[in-house]
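Hi everyone, thanks for making time this morning.

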Amino acid sequence: MVSPPRLLLCGDVFGRLSQLFKRVSSVNKSAGPFDVLFCVGQFFPDSPDRLDEFMDYVEGRSQIPLPTYFIGDYGLGAAKVLSAASRNHGNAGFKMDGLKICENLYWLKGSGKFKLHVAYLSGRQSVEGPQFGTYSNDDVDALRALAEEPGVVDILLTNEWPSGITNIVTTDVPEGMSESLGSDSIVAELVVEIKPRYHIAGTRGVFYAREPYANVDAVHVTRFLGLAPVGNKDKQKFIHAISPTPASLMSSSEISMKPSNTTLSPYTYLEKNTDAKESGKRNSDSNSESQYWRYDVSQKRHKSGVGDGDKLCFKFLSSGSCPRGEKCNFRHDIEAKEQYRRGVCFDFLNKGKCERGPDCNFKHSLQGEGDQQRSSRSRECWFCLSSPSVESHLIVSVGGNYYCALPKGPLVPDHVLIIPIEHLPNTLSLSQEYETELKRFQNSIRMYQKKQKKEVVFFEWVSKRGTHANLQAIPIPSSRANALQRIFSLAAEKLGFKFTTVKSDDSAGGREKLRTQFDNRHSLFYVELPDGTLLFHEAADNEAFPSQFGREVVAGLLNIADRADWRNCALSKEEETKMAGEFNARFEEFDPNK
Ligand SMILES: *[C@@H]1O[C@H](CO)[C@@H](O)[C@H](O)[C@H]1NC(C)=O
Ligand SMILES: *[C@@H]1O[C@H](CO)[C@@H](O)[C@H](O)[C@H]1NC(C)=O
């Protein structure tokens with residue numbers, strides 16, 4: 001197993017980079033080596049006499065010894081340095097892993113999340129409109145959308161402390177801290193939703209390690225750490241090392257471990273706004289199975305009066321679906337989603353104008369589907385065998401009408417896709433010839449998995465928008481196969497629908513029966529269980545069905561919620577080629593086309 005990343009955390013730097021890196025170097029000697037440094041609180045100088053020293057680093061006369069990320073994008077020189085970085089060609093586009101300022105120095109702009117599951121919100125709350133050093137509503141929304149993705153966020157970086165963090169502690173709180181100063185209630189709301197395992201903040205001038213607190217609706221605790229400024233006179237601690245094992249690699253008992261000094265959540269007052277019915281519901285399904293699947297989106301979202309249905313849902317636009325479905329307070333607009341896909345700016349679509357001006361890399365006019373774009377559609381399709389974009393190194397077997405390929409970012413080893421060679425929208429409405437070949441592929445995958453003591457679950461999302469069909473095949477340990485139907489039903493319940501069950505019997509399998517019923521007029525999700533039973537759901541026209549539903553549920557069942565998003569599982573081309581080669585060697589004796 002890869003060893004956990006070793007991180008250094010630091011409070012307000014105020015431009016004192018020499019002093020900071022001197023300390024880093026000594027900590028590195030005694031407790032290192034460290035992989036990366038994250039800085040919270042003001043990063044830029046607050047007095048002109050520090051500017052020269054600071055610019056020596058930014059302009060390359062002094063070296064930054066390890067990758068350093070900051071979110072405190074305010075102070076002297078910030079506007080100049082940051083607007084230059086924004087204009088830098090290499091920084092074009094939407095970057096969640098930081099804009100490069102100079103060698104080893106990265107600005108975490110806006111809000112986002114790393115692979116490492118470090119989420120951040122840069123800047124402070126804005127008093128007088130957007131400028132460097134403040135975050136926008138969109139940054140907050142984007143973070144909320146990220147928070148709803150499956151998986152536990154390991155670390156959250158904010159500049160300001162969350163309001164209320166010192167509530168209900170039993171140990172001493174640092175002296176002289178007035179709650180109102182340098183505390184941000186939006187940060188508090190975000191932490192309640194994101195539930196990071198570590199929350200790091202600066203700006204209050206003191207070091208404070210709060211006792212861990214338990215989260216509502218999550219098994220893990222959160223540790224809050226406030227860091228003092230670099231070189232502060234009181235010799236308060238400004239640098240702190242942690243090396244947390246990513247939640248994605250922890251067992252469920254490890255992640256639910258609660259130290260004896262764990263307190264209740266200091267934010268329970270924020271929960272009061274949710275109505276009793278909801279909390280009742282949550283309690284009733286807090287059995288162990290419901291933890292398999294974390295579609296438990298926060299209903300607390302947008303309670304501060306923002307919930308007008310006029311605004312667009314960022315989640316829906318950016319990912320194509322929103323797990324809140326009809327309950328979402330924001331508009332699920334298919335036209336806007338299409339525009340967003342064509343590169344139009346979210347602010348422009350949402351508010352009619354974008355305040356980022358020339359800094360924004362998105363388009364500020366509605367985009368028609370030009371002829372050029374239309375013809376490029378199949379050229380860009382990953383699944384069209386005739387398309388130059390097809391990932392041919394992932395293909396493992398080619399038949400007459402179907403081929404088999406490994407997915408990019410497989411959920412588990414031996415995750416396979418069965419894909420029509422032509423650009424066809426689903427596998428249900430094709431001729432018997434297609435069906436026979438598909439069955440042959442399914443059977444050989446089943447036989448192959450039987451040999452590994454595994455069962456196979458198949459599922460397909462048939463979108464009315466007519467993307468290239470793909471039937472997913474995922475191996476499940478035999479011991480978990482019985483739980484599939486229950487978990488899928490539970491997940492459906494959480495999204496507010498019930499599956500129709502089609503049992504396999506002597507006359508026909510579930511799949512044949514569904515084929516005779518399917519009218520091609522609706523979007524549809526179905527899953528074929530190892531015993532041939534089929535569960536399906538027809539999505540209503542206005543229903544925003546999560547296109548990754550099947551994968552997310554199976555990820556939950558296998559306790560690997562972090563892998564639900566394929567982008568978290570992406571491999572290099574070399575690794576993919578190797579994976580396909582190894583699969584081929586094992587699968588060969590079952591391959592119907594060999
Ligand atoms: C930390 O120590 C390692 C050797 O243990 C060294 O290679 C590395 O350059 C040091 N990094 C910093 C930031 O001092
Ligand atoms: C809480 O308890 C753990 C040990 O169980 C200890 O390491 C930690 O320092 C304590 N934290 C605080 C803030 O008291």
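This is a predicted model: local features need pLDDT of at least 70, side-chain atom pairs count only at pLDDT 80 or more; totals for chains, interfaces and linings use all residues.

The chain has 594 residues, and 52% of them count as buried. Its secondary structure comes to 18 helices and 23 strands. If you take the contacts between residues at least 6 apart in sequence, 68% of those join residues at least 24 apart. The accessible surface is about 27300 Å², and carbon and sulfur atoms account for 50% of it.

Let's go to helix 3, which covers residues 78–87. Which of its residues are buried? They are Ala78, Val81, Leu82, Ser83, Ala85 and Ser86. A quick reminder for reading that list: an α-helix has 3.6 residues a turn, so residues three or four places apart point the same way. And what covers the buried residues of helix 3? The cover includes helix 2 (51–58) and strand 3 (68–70), along with strand 4 (99–102) and strand 5 (105–107).

Now please move along to strand 18, residues 416–420. Five of its five residues are buried. Val416, Ile418 and Pro420 point one way, while Leu417 and Ile419 point the other way. What does strand 18 pair with? One partner is strand 17 (residues 402–405), which runs antiparallel to strand 18 and is joined to it by four bridges. Within that pairing, Tyr402 has Pro420 as its bridge partner. Another partner is strand 20, residues 471–477, again in the antiparallel sense, this time over three bridges. There, Leu417 stands opposite Gln472.

On to the ligands. Ligand 1 is surrounded by Asn28, Pro33 and Pro65. One of its oxygen atoms is 2.3 Å from an N or O atom in the Asn28 side chain. On its own, ligand 1 has 360 Å² of accessible area, and the protein covers 46% of that.

Ligand 2 has Ala209, Arg210, Glu211, Pro259 and Asn261 around it. That shell divides into two nonpolar residues, one polar and two charged. Which side chain has an N or O atom 2.3 Å from an oxygen atom of ligand 2? That would be Asn261. Taken alone, ligand 2 exposes 360 Å², and the protein buries 42% of it.

Last stop, the loops. Find the loop between helix 5 (185–194) and strand 11 (198–201), where Arg197 sits. Is Arg197 buried or exposed? Its relative accessible area is 9%, under the 20% cut-off, so Arg197 counts as buried. The Arg197 side chain also makes a polar contact of 2.5 Å with the side chain of Asp154.

Lys195 lies in that loop between helix 5 and strand 11 too. Although Lys195 is not a glycine, it has a positive phi of about 50 degrees. With a relative accessible area of 12%, Lys195 is buried.

Finally, have a look at Lys235, in the loop between strand 14 (221–226) and strand 15 (239–242). Lys235 is not a glycine either, and its phi is positive, at about 55 degrees.

Note on methods: Residues are numbered from 1 along each chain as its sequence is written. Chains are lettered from A and ligands numbered from 1 in the order in which they are written. Side-chain values use heavy atoms; hydrogens and water are left out. Buried means under 20% relative accessible area, exposed over 50%, partly exposed in between (1.4 Å probe, protein chains only). Helices (H or I, at least four residues) and strands (E, at least two) are DSSP runs, numbered from the N terminus. Contact means heavy atoms within 4.5 Å. A residue is near a molecule or strand if one of its heavy atoms lies within 4 Å of it. A polar contact is a pair of N or O atoms within 3.5 Å; within protein, one must be able to donate a hydrogen and the other to accept it, and residues adjacent in sequence count only if both atoms are side-chain atoms. Accessible areas come from the Shrake-Rupley method with a 1.4 Å probe; for residues, only the protein chains shown count as cover. Ala, Val, Leu, Ile, Met, Phe, Trp, Tyr, Cys and Pro count as nonpolar, Asp, Glu, Lys and Arg as charged, and the others, Gly among them, as polar. Two strands pair if DSSP finds at least two bridges between them.
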